[in-house]
Structure formats: C-alpha cells, structure tokens
Amino acid sequence: MNMMSEAAVEKALEQKMSDVSHKMIGKDVSVYYGEKRALFDVNLNVRENTVTALIGPSGCGKSTFLRCLNRMNDTIENCRVTGKITLDTDDIYDKEIDVVELRARVGMVFQKPNPFPKSIYENIAYGPRIHGLARNKADMDQVVEASLQRAGLWSEVKDRLHESGTGLSGGQQQRLCIARAVAVSPEVILMDEPCSALDPIATAKVEELIHELRANYTIVIVTHSMQQAARVSQRTAMFHLGQLVEENDTDKMFTNPDDQRTQDYIMGRFG
Amino acid sequence: MNTSILLLILALIGIASYLAGTRRAVALAGGRSSDMHSRPGYYGSYVLIWALLPAALVLALWLAISPLLVNSAVRSEFPEEVRAQPQASQSLAYGMVSTIARGLQVLTPEEREQVTAGTADVRPLLASRGVAIAGDPEPYMMEAAQTLNGLSATSRFGMIATVLAVAIGGLLLAYRRIAPRFRARNQVEKVILGALVVASSIAILTTVGIVFSMLSEAIQFFTMVPASEFFFGTVWDPRFAAAGAADSAGQFGLIPLLAGTLYIGAVAMAVAVPVGLFSAIYMAEYASPRFRSVAKPLLEVLAGIPTIVYGFFALTTVGPFLRDISAQINELATGNYQNFIQAQSVITAGFVMGIMLIPYVSSLSDDIITAVPRALRDGSLGLGATKSETIKRVVLPAALPGIVGAILMTASRAIGETMIVVLAAGVAARMQFDPFEPMTTVTVKIVSQLTGDLEFTSPQTLVAFALGITLFTITLCLNIYALYIVRKYREQYE
Amino acid sequence: MTDAITPAAIPASAAPPRRDIGIKRRYAAERRFRAYGIAAISFGLLFLFLLLWSVVSKGYTAFQQTTITIPVEFSEQIIDPDNERQTDPRKLMTANYPNVARNALAKVLGVSTDDRAALREVNGLISDSIRTQLRDMVIANPAIIGTTQTVSLLAHGNVDSIFKGQVDLTVGEQNRRISDRQVGWMNELSASGALAKQFNAGIFVNGASSRPEAAGVGVALIGSFYMMLIVLVLALPIGVAASIYLEEFAPKNRFTDLIEVNINNLAAVPSIVYGLLGLAVFINFMGLPRSASLVGGLVLTLMTLPTIIIATRAALKAVPPSIRAAALGLGASKMQTIFHHVLPLAMPGILTGTIIGLAHALGETAPLLLIGMVAFVANYPTTPLDPSTALPVQIYMWANEAERAFVERTSGAIIILLLFLLVMNVGAILLRRRFERRW
C-alpha cells in the first residue's frame with residue numbers, strides 16, 4: 001500500500017539527516033494551570049522530518065508540552081505559558097502570530113479518535129474548506145483522495161466516502177483523523193498518544209503510517225509505550241515531574257541513557 | 001352527628017390505637033426490647049393502620065356511592081309524567097328537590113309541619129332563610145324532598161355505624177396479633193410502599209383525568225356538531241344568544257383559530273429562536289464564567305415572570321407603541337397620520353410571546369451545546385479552525401437534533417400559551433395574512449367560551465373541551481417527539 | 001496497488017510557501033458571530049429591563065393615594081334626621097354619607113349648599129367609597145354624630161390621577177373628566193395642605209371595587225395564600241412520595257416507563273388544559289363550588305406535581321449510593337435507609353424545587369379563569385370554599401378595565417406579585433447556597 005519505494009524514503013532521509021535543522025525550538029517553556037505549575041523551563045528542539053517521541057510517566061507534562069506547540073492550551077481556562085517557542089523563525093506566542101494560521105501549519109491528532117459526525121469525505125474536506133485550500137470540487141476531490149492515500153485508508157473507504165466517519169472502526173477512525181490533519185498540509189503533526197485507544201493490529205498500522213509520514217512532515221508524538229517510542233521515533237525526550245530529563249537519539253536513549261532516571265524508567269522501575 | 005365529628009372520632013381512635021399498640025409491645029418485651037422483632041413504634045403504627053385504613057376506605061366509598069343510590073331511589077318516586085321527560089329536565093327537577101330538602105333542614109320543626117301541610121308558602125319562607133328555589137315547587141317535589149331527607153339520614157346513620165365498627169374491629173384484630181416475633185415493621189413498610197405507589201400513580205391518574213374529562217365533554221359536543229364541521233370548518237361564530245333555540249346552532253370551525261395559533265406561534269418562534277440560540281451559543285462558547293454567572297440567571301428571569309405580566313406589557317406598552325410608531329411612519333410616507341398596526345395584533349402578541357420564550361430556547365440549547373464533547377471542538381480547533389467556524393460547522397451540526405428537540409418543546413409552549421394572547425391578540429376569529437391585524441387563538445376561545453355563565457349542555461360551552469383536547473393532542477405529540485429526540489441525543493454522547 | 005496521485009501533489013514541508021488562508025476575512029466573520037451573540041443577549045436583557053421599567057414606572061404611584069383631609073361635620077340632620085337610630089339600626093347603614101362629605105368639602109371651598117351644579121362638581125372630587133369609610137366610623141362610634149371630626153377622605157380616582165401628574169391638563173376641558181373649576185379647587189386644597197398623598201394601605205387590604213381608588217388586592221392575596229397552602233400541603237408529600245417510589249423502589253418495567261414519560265409530558269401540558277380538567281372533574285363531576293380557592297388549589301397542585309417530582313428525583317439521585325450502602329450495611333431496612341438518611345440529605349434540593357414550583361403556581365392565571373375565579377369578590381373569603389380571586393387573576397381583571405387609574409392599580413398589583421416571586425426565588429437560591437453539598 002505504500003506509494004514510495006523503501007529506497008526513496010531512505011534517500012530522502014539521508015539528505016535531511018546530513019544537515020540537521022530544527023523545525024521547532026522550545027526555550028525555557030513553563031506552563032501554569034492557575035496556581036499550579038505543570039512544566040518547568042523545558043528546552044527542547046524538534047528536528048525537521050524527524051519523529052520525536054515524548055515519553056515519561058503519567059502526569060509528567062509530556063502532553064502539556066505537546067499542546068504548547070500549536071497553542072491548544074489556549075482553549076483551557078487559566079492556562080498560562082511562559083518562555084519561547086519558535087516555528088522556523090516565528091515566535092508562536094508572539095502577538096503577530098495568528099493561532100489559526102499556526103494550527104494550520106502545526107496539525108494535531110488526539111488520543112481518542114474524534115471524527116466529526118459527518119461523512120468521511122466531509123471530515124477530510126473540513127480543513128481545506130475552512131482554509132480555502134481547494135478552488136473547486138475537482139480540487140477538493142483530489143485533496144481528499146491524496147490525504148486518504150497518505151493515511152493508507154483510501155482502499156478501505158473509497159466506496160463509502162459519503163458514509164458517516166463515526167461508523168468506522170477505532171483504528172480506521174484514528175487514521176481518518178490523521179488524514180484529516182494531513183489534508184491541511186501542515187508542516188508539523190502533533191500526535192497525543194494516538195494509539196492508546198487502539199488494538200495492537202490497528203496500532204501497527206498507525207505506526208507504519210507514522211513511519212511513512214516522516215518523509216514529508218515533522219512529527220512529534222507523545223506515547224506511553226516505550227516500545228512504540230523505540231519503533232517509530234528517531235529522537236526521544238524523557239519527561240519527569242514537569243521537567244525534561246533527557247533528550248537524545250532514540251537508539252542511545254534505549255541502550256545507554258545519560259540520566260539515571262531515564263534508565264530506571266526504561267527498565268520499568270517506575271512509571 | 002356530621003362527617004367532621006366522625007373524622008374527629010376516627011382521629012381519636014387512631015391516637016388510642018397507636019398508644020395501645022406501643023404499650024402492648026413494650027409490655028410484651030418486658031424491658032428486653034431485643035426480644036421483639038421490631039421497635040415498639042412499629043407495633044403502634046401497625047395497629048393504627050389497621051384501625052384507620054379500612055375505616056377510611058369504607059367512609060370514602062360510602063360518601064361516593066350513597067348519593068347516587070339516594071338519587072336513583074328518589075327519582076324512582078317521581079310521577080310517571082316526570083320520568084317520561086328528557087334527562088336534562090329530570091336533573092333540573094332533582095336539583096329543585098334537593099334544594100327544598102336542604103331548605104327543610106334549616107326550618108324549625110313547626111315551620112316544617114306548616115310547609116308539609118301545603119306547598120303554597122314554601123318558596124318565600126325558604127327564601128327568607130337564604131335558600132332560593134328556582135321555581136314554584138310541585139306537590140310531588142315536597143314528598144320527594146322528604147324522602148330524600150329520610151334516606152340521607154338513614155344513610156348517614158348507617159355510615160357512622162359501619163365506619164366506627166370497622167375502625168374498632170380493625171383495632172382489636174391488629175392488637176391481638178401483636179407478639180414478640182410478629183414482624184410489625186415489615187407490615188408497616190408494606191403499607192408505606194403501597195402509599196408510595198399510589199402517590200406515583202397520581203401522575204397517570206392526572207393524564208387519564210385530562211383525557212377522559214375532556215373526551216367525554218368533547219364527545220357530547222360532537223353529538224351536537226359533527227366532527228367534520230369542527231375540524232374542517234372555516235367559520236368561527238358560536239352565537240351566544242338564545243342557546244338551545246333550533247336556528248342558533250352557530251358555526252364552530254377550528255381552522256381560523258388554529259391558523260391564528262400557528263401564525264402567532266410562528267412570529268414568536270421567529271423572535272425566540274434566533275435570539276435564544278445566539279444567546280445560548282455565546283453563553284456556552286464565548287462568555288467568561290463571570291459574565292455567564294450574571295447574564296444567564298438574568299435571562300432566565302424572563303422565564304420566571306408570570307405570563308399575565310407579559311400580557312399586560314403587550315397590552316399597555318408594546319401594542320400602543322407599535323400602533324403609534326406605525327402611524328408616524330405612515331405620516332412620514334403618506335402624510336396621513338393613520339396607524340396600520342393595530343394595538344392588538346398578531347405581531348404584538350407574537351413579539352411579546354417571543355421574548356417570553358427566549359430563555360426556554362436559550363437554556364435548553366445551552367445544555368445541549370455544552371453536551372457536545374470537547375474532543376470534537378479540539379479536533380476542529382487543532383486543524384486551525386476559528387471558534388466560530390468550529391461552532392458553525394462542527395458543534396451546531398452535532399447538536400442539531402437536540403436543538404430541534406428544544407425548539408419543538410418551545411413551540412409547544414407557544415401553542416399552549418394563553419394569557420399573552422388573551423390580552424394582546426384580539427378576539428376576532430378570522431383567516432388572513434396581515435401580521436398587523438388581530439387574530440385569535442385556540443386558547444383565547446377556550447377562555448372566552450368558559451368565562452361567564454356555564455351550561456354544560458350547550459355546544460357553546462362544550463366546544464371549549466373539543467378545543468382543549470385538540471390543543472392537548474397537538475402539544476402532547478410535539479412533546480413526546482421532542483423528548484424522544486432529546487433523549488436519543490443525550491444517549492449518543494453518554 | 002497503483003496510485004494516480006504522486007506524493008509530490010502535496011507539497012513537502014521543508015519550506016512551504018506562506019499560504020493565504022483568508023485570515024482577515026475569517027476573523028471578521030468571527031467578530032461578527034460574537035457580536036450576534038452579544039446582541040442576542042442584550043436584546044433579551046433590554047426587554048427584561050423594559051418590562052420591569054414599564055411596570056414599575058406605571059405602578060409605583062399605586063402605593064400612594066391622594067386624600068383630602070378636612071373637618072367633617074357628622075350632621076345629625078343628614079345622617080339621622082328623624083332620630084330613629086335607636087329603634088332601627090339599619091338607619092345608620094343607609095344614611096346619606098356622601099352628602100356629609102360633600103357638604104364638608106363645600107364648606108371648605110366656600111361653595112354655597114344651594115348651588116346644585118357646583119355641589120355636583122364638589123362631589124366629583126371625592127371617591128364614592130367614602131360612603132363605607134364614614135359609615136364604618138359612625139357605626140363604630142355613634143357618638144360622633146353631631147360632632148365635627150378631621151377626616152382623611154379618599155379623593156376621587158380622577159383627582160388622584162391629576163394630582164400624580166398622570167393627566168395632561170392642556171387638553172380641552174370638555175375632553176377630560178375634571179373641569180377647570182375642579183382643578184382650581186384642587187390647587188386651593190393642595191396649597192392649604194388638605195389635598196395630599198398618603199401611603200396607600202388600601203391596595204393591600206381592600207377587596208374588589210369598581211372605583212379604582214378603592215380597589216385593592218386584599219381578597220386576591222387571601223385567595224392566593226389559600227391556594228399556595230393547599231398546593232404545599234398536597235403537592236409536597238405526594239410529589240416526594242412519588243419520587244421516592246420511582247427513584248428508589250420502582251422496578252424497571254413498562255409501567256414505570258409509562259409513569260416516567262407521563263410526568264415529563266405533564267410538565268409540558270399547557271396550563272389551560274389543567275383548567276379544563278379542574279372544571280370538568282372538580283366542579284362539574286364532584287360538585288365543588290366555582291370560584292373557590294379549594295378548586296384553584298387542587299388544579300395548581302396537579303400542575304405543580306410534575307415540577308416537584310422532577311426536582312425531587314434529581315435531588316435523590318444526587319445522594320451518593322455509598323450513603324445507602326452504609327445504612328443498609330448496618331442492618332437498616334430499605335425504608336429506614338431512605339427515610340432516615342437519603343431523604344434528609346435530599347431535602348434542600350426538594351425544598352428548592354418546591355419553592356420554584358410554588359412560585360410558578362402563584363403566577364399562573366389561565367386555569368384559574370376557567371374555574372370561575374374571575375369574580376367580583378368584595379368580601380374576604382373565610383374558608384377555602386368561599387368565592388375568591390387570586391393575585392394574577394386580579395391583575396387580569398384590572399388589565400381589562402378601561403379606566404386610566406386602573407392601569408396604575410394593575411401595575412401596582414404586578415409589583416406586589418413580582419415582589420412575592422422575588423422573595424420566593426431568592427429564598428430558593430439561598431437555600432441552595434446554604435445547604436448545597438458537593439459529593
């Protein structure tokens with residue numbers, strides 16, 4: 001079902017790897033929920049065309065950090081973010097930056113599949129439509145098909161594009177949500193434990209999909225499962241009690257971490 | 001001895017039985033209350049229930065049935081020619097008989113003898129005692145009245161004797177059953193449970209009462225006026241004068257009333273739905289908690305104001321304002337100071353009713369919009385949609401069934417609303433499309449047909465029940481459908 | 001499988017061109033949408049304000065009434081010319097008290113008792129209701145006959161309206177109810193302090209009257225009080241009992257489903273239908289008297305029951321199951337658990353619901369019209385079986401009166417009604433605040 005040959009992927013990656021460029025840079029990021037501080041001066045850079053996994057025990061702040069990257073925290077009452085996060089060269093918390101534009105560039109996939117109660121087609125077309133990305137019906141059809149292709153869902157749903165998106169299975173729903181995010185052509189895709197509500201087979205499919213998407217997108221994924229982090233990511237960041245403990249290449253992280261706490265967590269001593 | 005003294009005696013028996021039961025239980029336990037199955041109070045309550053409950057049932061039955069028996073016994077004594085008359089005039093005669101009977105009781109014994117000797121002076125005599133008789137009584141009526149009094153006295157005596165016997169019998173029976181292992185609490189709780197069941201079936205009884213009372217009167221109406229004329233008639237002209245005369249049947253067409261009801265309701269909904277919906281959206285999606293905590297209760301005050309106040313507001317403020325403003329507009333346009341909006345009009349009533357309905361739409365919709373899961377909003381916002389895009393394209397479509405339900409419920413309120421239209425819509429039953437003219441509604445006609453002197457035999461009165469059951473059916477259908485939609489909607493997100 | 005679309009169709013992320021996603025236009029739409037919301041809320045609040053303002057501005061003057069305080073000579077000549085009051089007590093009832101008042105006023109104004117036309121106009125300044133006012137004074141104390149007392153006479157409704165500035169005096173004399181000469185007299189009396197506004201206790205205690213200046217909501221208040229009492233005594237226990245059964249005991253079956261649907265529907269049945277029910281069942285079938293507050297109370301009870309049941313069930317549902325488990329675990333029977341533990345905890349919620357139901361019942365008008373409470377009742381009802389009216393019905397009757405002065409009365413009565421409702425609702429809110437428990 002893949003549209004790119006394995007070799008092509010490798011080639012593209014090699015090219016990208018050679019000049020490490022940071023897509024997003026977080027500097028001294030702190031988050032407060034009212035009086036409570038949830039994140040302590042996190043400095044984390046997200047490399048372009050790389051899958052970065054955020055791991056750590058529950059409540060460690062990994063999801064909070066993720067939601068800072070496209071300002072989804074804005075929707076929570078009393079939430080305050082300090083520090084600086086840049087996307088390319090733009091400070092995303094700058095007054096000049098528009099949150100709508102930001103989210104069109106930094107898409108998000110949520111923990112629980114949340115397709116709109118609309119048809120599959122309309123679910124995908126939603127983003128392009130609000131942003132005015134398709135000039136006409138033919139254009140839109142093309143975007144929908146391409147997005148579903150990318151999410152590896154096209155062959156499964158092409159005959160029922162106009163049936164409700166909520167009628168799909170859990171895994172299909174989550175891939176639909178990924179396709180929905182892809183349809184807006186974002187530069188970065190944030191995934192908040194995208195497989196936690198899925199069975200192993202569906203999880204495998206989504207992981208495969210993440211692997212393929214890496215060629216074109218920068219991906220940040222929060223995951224609870226270390227195996228998953230090891231499978232899908234190139235870089236891993238470990239959070240604990242609202243602090244960034246360690247950030248490293250995934251291979252190194254899982255074989256020879258710098259920090260004792262990472263070691264303990266990976267060995268299953270806590271978490 | 002009258003009924004209230006009997007009730008007093010029953011109350012005393014009740015107290016006595018409770019005390020007796022409790023004492024016996026205490027005595028049987030002999031200081032070791034753990035020997036008894038239940039606490040002493042339950043034994044007292046058990047005896048109390050046995051003493052009063054059967055007696056009260058007998059009393060109620062007797063009070064309900066004996067007047068009917070007495071009635072038929074007295075009527076069977078009526079002379080042949082009276083019994084040959086139609087039911088209505090027989091009832092009239094019986095009414096007079098019972099008035100005389102009541103009058104006879106207030107007379108002194110000597111006067112009563114004088115009256116029974118000759119009927120001539122009975123009417124003025126009773127009138128001086130405050131008992132007015134509709135016409136001069138016929139001789140048979142005096143006899144019937146005396147029979148009535150006699151039967152009533154016998155019945156009352158029988159009732160008192162039976163009730164007291166049942167009460168004391170029950171008391172003794174229950175008293176003797178008290179024993180250490182007797183499960184008084186379970187027995188008492190069974191009775192309480194029974195009372196709870198009875199209380200909850202009152203809801204059913206009310207519905208049954210509504211349906212049957214209105215149906216029986218409406219059916220009587222349909223024997224006088226064919227149902228097709230009522231449901232499809234386009235002229236409403238009940239002609240109050242000379243009811244009963246052959247040529248004054250009047251015309252009872254439902255259509256103009258229904259048209260007015262729906263027209264005014266539509267105007268009201270046209271005001272209430274957009275205003276209520278936008279208020280709800282703002283409250284649910286935009287308002288800060290502080291703004292919400294002030295504005296929401298204030299808006300709901302609109303629902304707490306009695307409708308009569310809205311009616312008065314429409315009658316004295318909105319109606320005259322619209323009338324005068326229309327005259328001024330007319331003067332500006334044509335130079336002629338002549339109003340084209342009547343003070344009582346579809347627009348006046350509809351507009352004010354719409355204001356009343358705003359909080360119904362807004363609070364119902366608010367609940368429904370808030371019930372849309374956050375995940376859907378996040379999904380849309382995460383794609384870069386603005387808040388209003390998210391609301392318009394995701395939240396509202398998802399909430400649509402619930403909102404439709406809320407609007408249907410509000411519509412049923414609009415259709416059943418009475419006081420505003422009584423004061424502000426007018427009484428002219430006509431079919432027209434000008435919203436600036438008065439029209440009338442089903443509820444207005446129910447009120448106007450039933451205020452004043454009532455005669456439960458004339459179609460002019462009975463038609464109100466036919467109108468009532470129509471109204472009931474329409475609102476019932478709307479409500480059941482709306483409740484069904486809302487319930488399904490809730491289940492979807494639970 | 002083969003694909004028509006190559007990945008190149010979607011631009012790679014490396015350095016995407018800035019897309020025009022119509023931010024400006026979309027934010028304008030956002031602002032517009034917000035503005036609609038604010039406009040809608042303002043519209044609702046504006047009309048709430050207008051409604052209250054229109055009632056208060058029209059009605060606050062009803063709590064003051066114009067009186068003419070003058071020395072009145074209780075002339076034996078007029079009241080009891082033939083000195084029969086010892087033998088015939090009715091004499092004092094039927095005496096010509098209006099003339100007493102008229103002569104007293106004429107004397108103050110210096111009008112000759114022979115000038116019949118002028119006397120008629122003098123009479124136009126005082127209310128007809130002074131007949132009962134003076135009569136009651138004389139009957140209470142017959143000794144005042146022959147003496148002169150200073151009395152505050154109720155002024156005529158028209159005088160009251162003018163004195164409160166509600167009538168446009170620039171209108172031609174023939175188009176208003178008070179002549180120029182009478183206005184002159186009023187100015188004279190006002191200058192001397194005889195014509196003055198006093199607190200109007202009458203609006204709270206008087207019964208129905210065709211004279212606006214003497215009309216009050218006394219009977220209506222008593223009628224409404226009886227009805228509220230009946231509703232409270234019947235609806236609260238029945239409603240609570242029904243809720244307990246449905247919430248705690250009822251098995252889930254078709255019968256309880258039916259009751260459930262029924263209650264929800266009854267809460268939404270138009271109130272006028274309850275009036276029809278009351279007319280057919282309580283009056284026509286059971287033969288209870290028309291216009292009686294007993295019937296009104298029964299009808300309102302049936303109407304309020306669903307509200308109370310719904311509120312009570314919500315309150316019972318809010319009591320956590322752990323409380324029930326704790327009591328049952330100690331060996332209490334289910335009935336004891338509910339009556340000793342669950343019900344007391346649910347009581348604040350139940351009472352709040354009941355008060356709100358009562359407030360609704362207090363303002364309800366339509367069903368009462370059908371059971372004949374639209375009646376001219378001047379005497380206080382002593383029992384719930386006596387003819388009576390209710391506060392909202394009194395408002396309805398006054399709203400239908402043509403006279404200008406009744407608009408003021410109606411608004412005054414509405415203010416009284418709204419104050420009652422305010423007190424009840426504030427009570428409910430305080431009760432909820434005071435006893436609200438978060439589990």
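In the predicted model, 22 residues of chain A are in contact with 15 residues of chain B; two residues are in contact if their C-beta atoms, placed from the backbone, lie within 7 Å. Four elements of chain A each give two or more residues to this side: α3 (99-105), β6 (106-109), α4 (120-131) and α7 (170-183). Helices (H or I, at least four residues) and strands (E, at least two) are DSSP runs, numbered from the N terminus. The largest share, four residues, comes from α4(A). By class, the side of chain A that touches chain B has twelve nonpolar, six polar and four charged residues. Here Ala, Val, Leu, Ile, Met, Phe, Trp, Tyr, Cys and Pro count as nonpolar, Asp, Glu, Lys and Arg as charged, and the others, Gly among them, as polar.

Residues are numbered from 1 along each chain as its sequence is written, while chains are lettered from A and ligands numbered from 1 in the order in which they are written. As the model is predicted, local features need pLDDT of at least 70 and side-chain atom pairs count only at pLDDT 80 or more, whereas totals for chains, interfaces and linings use all residues.

Chain B holds 18 helices and two strands. Its radius of gyration (over C-alpha atoms) is 33 Å, well over the 23 Å that the globule rule gives for 494 residues, so chain B is more spread out than a compact globule. The globule rule is 2.2 Å times the number of residues to the power 0.38. The C-alpha trace of chain B spans about 85 × 80 × 35 Å along its principal axes. Of its 494 residues, 43% count as buried, that is, with 20 or more other C-beta atoms, placed from the backbone, within 10 Å of their own. Among contacts in chain B between residues at least 6 apart in sequence, 74% join residues at least 24 apart.

Chain C is divided into domain 1 (68-198) and domain 2 (218-435), with bounds from an automatic or database domain assignment. Their centres, taken over C-alpha atoms, are separated by 46 Å.

An open, antiparallel sheet in chain C has three strands in the order β2-β1-β3; strands pair if DSSP finds at least two bridges between them. β2 (148-154) and β3 (195-199) of chain C stand at the edges with a single partner strand each, so one side of each is left without a neighbour in the sheet. Strand β1 (residues 64-73) of chain C pairs with β3(C) over five bridges. Gln65(C) stands opposite Gln198(C) in β3(C).

How values were computed. Buried ≥ 20, exposed ≤ 12 C-beta atoms within 10 Å, placed from the backbone.
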